[in-house]
Every structure is written in C-alpha cells, then in structure tokens.
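Let's take a walk through this structure together, one region after another.

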Amino acid sequence: MHMMWFTERAYHYDPEVEPEKYRLLENQVIRERSFYGTPNRFFDAEHGAKLINQYLDEKVYTDEELLNFDGVMLNEHHGTPFCLGAVMDVEAAVLAGKTKRIKIVLLGNPVATVGNPLRLAEELAMIDLISGGRLVPGWVRGAGSEQFANNTNPALNRELFEEGVDFIINAWTTPGPFRHEGKRLHFRHVNPWVLPLQKPHPPFWIPGLISPDTAYWCAKRRYPYVALATKLEPTLELWHFYAEAAAREGYQAGPENFGYLQPVMIGDNQERAEELGKRLLFGGAFAHFARPEWMFPPGYNSKAATRRLAQLETGPNTSGKPMFTTTGEETEEQIEAVKNRIYSGYPKVLKDMQMIAGTPDNVIPKLCKILEVLRPGIFSFWLDGPVSAKDRKRCLELINRDVIPAMREYGKNLGLVSPFERKPGSRPLGPDGVYAAVSNPEALAEEY
Amino acid sequence: MASQEWSERTVRIAGINLPVIVGGRGKPLLVLHDELGYPGWFNWQRALAKERTLFIPMAPGFGKAPRIEWVDNVRDLACVYARMLREEGLENIDVIGFSFGGWVAAEMIANYPAQFRRSVLVAPGGIKASKGDLMDLFLVPAQSYLRATVLDPSATAEFSNLYGEPNTPEQYELLEDARAEFSRVAWEPYFHNPSLPHLLEGVANQSVLLIWGRQDRVVPRSVIDTYYRAIAGSKLVMFENCGHRPEIEKTDEFVSEVRNFLGA
C-alpha cells in the first residue's frame, strides 16, 4: 500500500489561542455561505507566512522522522481561506529540495485554469528533477469556483483539460522541436529542454469527487483514481463503474487502480481527539466550500450532470436558491444559530465516517473497515480544521507509530498493492473476459 | 391558444437542424432572442404577428438547438445566421434583437449592412460599457439574473411566464444550457466585442432603432450611447420606469414604436 497524508493548508486561527480572530473569520465564511469569495481583507500576511511554513515543515518532518509514510499529497485552490496553496507547484518545489524520501503527490494540477500546459510541463519536470524522480502528478478540471478565480471559460474546461493533458504527455515524450496545432491549444515551437527524470514520464494519479466522466477517462487510460473522502456507497458504485470500463479496455482493475482520502483526527485521548475532529466542520466545511453559482459555472458540467442537478436544485429550500440577496444581512444571533446547526451534525459525520477521530486503538478498526470495503492500494489521511501545530504533529506521529503498521498488516492480508507494486492496467481479465469484483460491498453491512 | 399562433419548424443550417418558431402573417421579421434563450410567445409577438411573420431561430446550443462545434464567438454566430437568411431567401428583411440577440444583429449589420432593411436593437449588449458594467450573468444564479432583467417582477404581468414554468427542472436545464452556450461565445471579453463599435462606424444609411429602459440593470446607458453615436442616423427611444425587457414591461409603447419604425 501507498500511505500518505494530505491537508488543505487552511488559513485559520486556533480557537484556544486567538478565539476572537477565529470567531470573526468563521462568522464571515458563514455570512457568505462560502469560503470562496471571503474578502481578502481577512488575510494577515504575517499569520499566513507562519501557517504556510508550518504546513511545509510538517511534510519535511514526515520525510525525516515519520518513516512509515510513503508520501505527502498536495492540491490547490484559489481565492479562499480553505487552502493557502494557491500554486501547489511552488510548495512542491520547496518540498522537492527539502525532502529526501517521500513521494510528492500533486492531486492535482488544474490544467485548464493554469492555462499554459507547456509551462506546467516545465514546472513539473523541474520538480521531478529536483526531487530525484519522486513526483506523482495528477490532473483536475478544478472546482467550479476555480474557473472564476482564474477567469477560464468553464464551457471550454473539459476540452482544455483533455487536450492539455495530452499535450503535456507529448511535450515530455515526443522529441522536440515539434509544432502543436490543436483545437484549443496552439504552440508553434515545442521543445522543453528540461524533461522529467522518470521515464517515459512520472505516473499520473487522478483525484475526483466520483464524477463518472472522470472515472471513465481514468479507466481508459489506466490511471489510478483517488476518491476524495466521498461517501462509501457511491464510491463503491464508482469502483464498479471503473472496473467495468477497465474490462472493456481489456484489463482487470484492482487495488493499484484505486485510492481513498479519509479525514482523521487521532490523539492520545478519545474525547479530546473527537473534539478536535469536530473542527473539520469549521465554517460549514464542504457545504460552504463555495456558493452554488460558483460551484456550477456555466457549461462546466456535462448535459447529463446538468440534468441531475436540475432535479436537485429546483425543489423547495435547496442550495440552488439564490442566496446573495439574503446573505450579509444576518445578525450575530442568526449566525450563531447557523453554527449550532452545523456543529450539531457532528455525531452523524462521525457515524458516517466522514471524520474518523479518536485514539489509535479506536480508529484502527474503522480504517481497516474502509480498506476491507473499498480495497484501495493508495490511502491518504486527511488532517484539517483549525487545530494547533502541536496537535497536528501528535496526530501524524500516532498515525506513523500505530495506525499505518496495523493498516499495512491488514492491507497485506487483503492483497492491497499500490501502483508502485503492480502497474495499473497490467492484470489480464479472467477467462472469457470476465472481471472480478474490485470491492467488498457486503463488508459495509457488517458490524465494526 | 398559443399553438394556434405559432408553430415550430426546423431549418437545415451548417450541418444541424435548427429549430425556428414561426408565427403570424405578412412580411417576415427576424427575431433574435436574449442570452437566457427563447423566452416564449408573449403579447408583443401576438400584436406584431397580426401584420408580420415572426421568424425566431433558437441560437445553436440554446435549448433544443444542437450546438455547432466550430461556433466560438458571436461573430461566428452572426455569420451562421447570415448564411441561414441567404439560404432561406430572407435577405433584406427586418430584424429585432434582444440583449444578446441585439448584439448578434449588430454584428450582422457590421458585417453586411444591406442584410437588413430595418433593425430594432432592444437593450443590445456587444459593446464595452464606457461607464458602468454590463451585468455579469455568470456571477449570479440564473434566477437572480432573470429577476434583475425587469424593474419590478411583481408589476410585470408576463414575468412569470418567461422561459416556461418557473423553478422546474425543465426550466433549470433550459437556462443552464443557455448560460453554457453564452459562456462559450461571450465569457471573455464578457458580452462584448471590442471591434464592433469601430465596424459599425462604417455603416451608413442604416435604419436602426435603439430601444432602452432607463432602469436597465443589465446594459448600462453608456453602451446604448456608443451604439447611437456609432451608427449614423440611428434613432433612440427610451422608456421610463422600465428595465431590460421593454417588450414585456412596456408592451403597448414598445409595439407602437416598433410598428411605427418598421411600417406596417
């Protein structure tokens, strides 16, 4: 198994140290019903500098001291306190130089919104060289809000994404100079001097929120798909969809094709760990990642996805109701009431394992249950919420000391191999082209 | 009622079957719809249909109309419509364009001034606002934009009939399709073409009527002023207490102005 960890690198304040700043920022996010679009007057550069270095230091510490981790995972978001990593390649470059051992997993670069895939190919090739071939790039279309933050035409995103990824592969593998006259991209002289160390190019992993379009694209190209903390039932359905598409491509999908990201908060004390885990819900968390008008920009979704949304967004009291006429006018009491509603949902979040919090002994069976059900070869722990550097460090240490060894042992018995242990797409189908199950949905029903 | 007044047919153009709403009698009048799609059949159409045959193409990619993959901007679309008029034998006809449709009509005029006999541009986009901003359709939910297009939805009888039954999955999908296609052709630069006012300056003796509501929140006055200055001989009519949709907000006055301008 490949074991790594991830954090959004949120801009936040520790409620136990700076309660008033913590409260003001959270109230603003709730007033906006959105992290994206929070006015940047709330950004304090000195505080930002402290946090961004803390997040980098944690990864260097992982490389040096937490030897059971195989990698660290980065992403990027723009215009939001949700994520300080606005340009993840900058962080990846720092880590490439400062670390010696771990894989640097970028899930993923927003090809369409970056806009210049040749520049992206050069940045990533440099990171691969500096790191000595430890780069795992991934590609994303970017959240809806990223289209606004980067002013990229959302209706062209899918075309730009697909042509952009192919272009990057070509830039790395086709001897230059060559000319590219595509549909959306035009380069008259492609000849990047700096090429990746890994040949023919670094392995790609693709993160997603279980969009069938993306899973199908991955299955066709034999790229592992990493589900980002999605609920288990729909994730199982997507695994099945991927495996079916893989079978049509003539191969048997397996653990090497799948990854899963799981929010955790692990500590020495059960009660305290659960309390810290609750902070993942800060500001409304994913429900307030961005308002609907920013989540679903024009033309970003396929026709089929728009049809599904049409059913969801037109009932009474749905998130699709315009909010901008009412937000910003609420009293402090109303904001507090919204917060109470958000945090009162925490028991269900724990029950649904959207957050697994507790001592190692308590969390290990739950994490092993996920392995049993989803059978992923890639597993990423996710640490987030306004939690102090000290508590985060302890969480990582406990994962390293107790949790990963237990999960590895469990995963070994299940045959969970990573893409580094078995090449994705290299397993033949069974006799008569029949493919074997890639997950274990029955295990979900059993007690744990 | 409505089915007796109009019918839908398809026109084969540029490799697709383009749905066209046709209704009324008399000389043909091309009607180009706005950026949210074809809103439906209203009293202003009912009135004009008594003496004109309204010919209302769905813009490719909007609603039921298939997308034309190589149409990347509004000038491309203007050229598709010009080709359609040529192939349908509808050259030198009159046109009314609303908002986005007004922009398309203006592009057609700039490309080939003799294409239209007379043109009515109702709150047309297409030119950069020198003062204020064209309201951004993409920063707000479609329903919010829709409400902003009239001065007072509750005082506008036909408002709730725009784009079919309100707040249904069908309407949501229709508006999202429109936003998607409008994004393809008008995301950047938003809702305008920098060369359009310059090309319109070369247009002489063009019979153009500009109509604008003084409380239009979508298209600022400065856009209309630029049109008015650029097109020599154009006529400008402004309605008081009126937003972006004079055709339903001030139907009687609108019909009267259009009728006078086009001639019976």
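## A guided walk through two chains

Of the 264 residues in chain B, 48% count as buried. Please keep in mind that this is a predicted model. Chain B is built from 10 helices and eight strands. Its radius of gyration is 17 Å, close to the 18 Å that the globule rule gives for 264 residues, so chain B is as compact as a globular protein of that length.

You will find Gly26(B) in the loop between strand S2 (16–24) and strand S3 (27–32) of chain B. Thr53(B) is 27 residues away along the chain, yet the C-alpha atoms of Gly26(B) and Thr53(B) are separated by 5.3 Å. Leaving aside residues up to four places away in sequence, Gly26(B) touches Glu51(B), Arg52(B) and Thr53(B). Is Gly26(B) buried or exposed, or something in between? It counts as partly exposed, because it has 13 C-beta neighbours inside 10 Å, and 20 or more would be needed for a buried residue.

Now bring chain A into view and look at where the two chains meet. The contact takes 19 residues from chain A and 19 residues from chain B. On the side of chain A that touches chain B, the elements giving two or more residues are helix H11 (292–295) and helix H12 (303–312) of chain A. H12(A) gives the most to this side, with four residues. Sorted by class, the side of chain A that touches chain B has nine nonpolar, seven polar and three charged residues.

Staying in chain A, turn to helix H3 (residues 88–98). In H3(A), Met88(A), Asp89(A), Glu91(A), Ala92(A) and Leu95(A) are buried. Why can we say that they line one face of the helix? Seen down the axis of H3(A), the buried residues fall within an arc of 155 degrees, so they line one face.

Next come two helix pairs. Two packed helices are described by the angle between their axes and the distance between the axes. For helix H8 (residues 212–221) and helix H9 (residues 232–248) of chain A, the axes come within 8 Å and cross at roughly 40 degrees, and the crossing is right-handed. From H8(A), Pro212(A), Ala215(A), Tyr216(A), Cys218(A), Ala219(A) and Lys220(A) meet Leu238(A), Phe241(A), Tyr242(A), Ala245(A) and Ala246(A) of H9(A). The residues of this contact divide into 10 nonpolar, no polar and one charged.

The other pair is helix H15 (residues 360–374) and helix H16 (residues 389–414) of chain A, whose axes come within 10 Å and cross at roughly 35 degrees. H15(A) passes H16(A) in a right-handed crossing. Among the residues that H15(A) brings to the contact are Val363(A), Ile364(A) and Leu367(A), while those from H16(A) include Val403(A), Ala406(A) and Met407(A). By class, the contact of H15(A) with H16(A) has 12 nonpolar, one polar and two charged residues.

The peptide bond from Gly176(A) to Pro177(A) is cis, with omega near -5 degrees, and Pro177(A) sits in the loop between helix H7 (157–173) and strand S5 (178–181) of chain A. In chain B, the peptide bond from Glu188(B) to Pro189(B) is cis, with omega near -10 degrees. Pro189(B) lies in the loop between helix H6 (169–186) and helix H7 (196–201) of chain B.

Positive phi values in residues other than glycine also turn up: phi is near 55 degrees for Ala229(A) and near 50 degrees for Ala285(A). Ala229(A) belongs to the loop between strand S8 (225–228) and H9 of chain A, and Ala285(A) to the loop between helix H10 (270–278) and H11 of chain A. Ala229(A) counts as partly exposed, with 18 C-beta neighbours inside 10 Å, whereas Ala285(A) is buried, with 21 other C-beta atoms within 10 Å.

Notes
Residues numbered from 1 in each chain as written. Chains lettered and ligands numbered in written order. Predicted model: local features only at pLDDT ≥ 70, side-chain atom pairs only at ≥ 80, totals over all residues. Axes fitted to C-alpha atoms, helices over the stretch in contact; angles between N-to-C directions. Left-handed = near helix turned anticlockwise from the far one by under 90°. Contact = placed C-beta atoms within 7 Å. Nonpolar A, V, L, I, M, F, W, Y, C, P; charged D, E, K, R; others polar. Rg over C-alpha atoms; globule rule 2.2 N^0.38 Å. Buried ≥ 20, exposed ≤ 12 C-beta atoms within 10 Å, placed from the backbone. Arc of directions from axis to C-beta.
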